Amino acid sequence: GIFTKFVDDLVSVVRSSSNELIVLDVLKRVKAWMIFFKGKSKGLLTENGQLGLFAELCALRSLLKFNDRFVREVVDGWVGPNNQNQDFIYPDGTGIEVKCTSKNNNKEVSITNELQLDDEGLQKLFLSVYQVKRHKLRPGAVFESLPNIVDEIKELVKTDSDAKLEFDGLLIKVGYLEEFEAEY
């Protein structure tokens, strides 16, 4: 199943690429899949991985809504999947580190690497904290979920094929596959 998804995704990249050198987009996507295959055994994100991605996607969605004329630039600034110290870094020197907690005390977050809050080389560094509550999904429930946020972001980037291509590749890098949406 995952191999079929891999091949289908590469075909989709070829069809939707606006780059004159389509091979560059294909190679970029193959690299994202290599990272996925290297780090994921079952194709499911861990609970912490889900929480972190949920928060980063909430931040990305907000940034896209407030900067709707700069869709590609906003998506390009999401560098968390590329193992950067901050989750978002923009050319103007703005960095954003996103944290997520499911604890009752929303005044504490865990910093796993002190470089996440190092502002060297940045003009401004923001810490964005999301507190989430767990709910069991039932038919008709209206709680936000990873698949909901992914769908919203895809809707926000659909007019820019390069941004959509980049976003889809970043999702693969973090290990998020649509085939497992029911698990999220």
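Biologist: In this predicted model, what counts as a helix or a strand?
Modeller: Both are DSSP runs, numbered from the N terminus. A helix is a run of H or I with at least four residues, and a strand is a run of E with at least two.

Biologist: In what order do the elements of the protein run from the N terminus on?
Modeller: The protein has 6 helices and 3 strands. Read from the N terminus on, the order of these elements is α-α-α-α-β-β-β-α-α.

Biologist: How does the radius of gyration of the protein stand against the globule rule?
Modeller: For 184 residues the globule rule gives 16 Å. The protein is close to that and so is as compact as a globular protein of that length. The C-alpha trace spans about 45 × 45 × 30 Å along its principal axes. The radius of gyration of the protein is 17 Å.

Biologist: Among contacts between residues at least 6 apart in sequence, what percentage joins residues at least 24 apart?
Modeller: A contact here means heavy atoms within 4.5 Å. Counting the contacts in the protein between residues at least 6 apart, the share that joins residues at least 24 apart is 69%.

Biologist: Are helices α5 and α6 roughly parallel or roughly antiparallel?
Modeller: Helix α5 covers residues 146-157 and helix α6 covers residues 161-174, with their axes 9 Å apart. The two pack at an angle of about 155 degrees. Angles over 145 degrees count as roughly antiparallel, so the relation of α5 to α6 is roughly antiparallel.

Biologist: Which residues make the contact, and how many of them are nonpolar, polar and charged?
Modeller: The crossing of α5 and α6 is right-handed. From α5 the contact takes V150, I153, K154 and V157, and from α6 it takes A163, K164, F167, D168 and L171. By class, the contact of α5 with α6 has 6 nonpolar, no polar and 3 charged residues.

Biologist: Is K154 buried or exposed, and which residues does K154 touch?
Modeller: K154 is in helix α5. Its relative accessibility is 18%, and the cut-off for buried is under 20%, so K154 counts as buried. Leaving out residues up to four places away in sequence, K154 touches F167, D168, L171 and E178.

Biologist: Which residues does D168 touch?
Modeller: D168 lies in helix α6. At 14% relative accessibility, D168 counts as buried. With residues up to four places away in sequence not counted, D168 touches R29 and K154.

Biologist: What is the relative accessibility of I149, and which residues does I149 touch?
Modeller: I149 lies in helix α5. I149 counts as buried, because its relative accessibility is 0%. Apart from residues up to four places away in sequence, I149 touches F54, L57, C58, R61 and E144.

Biologist: How far apart in space are I149 and D9?
Modeller: I149 and D9 are 140 residues apart in sequence. From C-alpha to C-alpha, their separation in space is 20 Å.

Biologist: Where is N83, and what is its phi?
Modeller: N83 sits in the loop between α4 (71-76) and β1 (88-89). N83 is exposed, with a relative accessible area of 72%. Most residues other than glycine have a negative phi. N83 is not a glycine, yet its phi is positive, at about 60 degrees.

Key. Residues are numbered from 1 along each chain as its sequence is written. This is a predicted model: local features need pLDDT of at least 70, side-chain atom pairs count only at pLDDT 80 or more; totals for chains, interfaces and linings use all residues. Side-chain values use heavy atoms; hydrogens and water are left out. Axes are lines fitted to C-alpha atoms, for helices over the stretch in contact, and angles run from 0 to 180 degrees between N-to-C directions. Angles under 35 degrees count as roughly parallel, over 145 as roughly antiparallel, 65 to 115 as roughly perpendicular and the rest as oblique. A crossing is left-handed if the near helix is turned anticlockwise from the far one by less than a right angle, and right-handed if clockwise. Ala, Val, Leu, Ile, Met, Phe, Trp, Tyr, Cys and Pro count as nonpolar, Asp, Glu, Lys and Arg as charged, and the others, Gly among them, as polar. The radius of gyration is taken over C-alpha atoms; the globule rule is 2.2 Å times the number of residues to the power 0.38. Buried means under 20% relative accessible area, exposed over 50%, partly exposed in between (1.4 Å probe, protein chains only).
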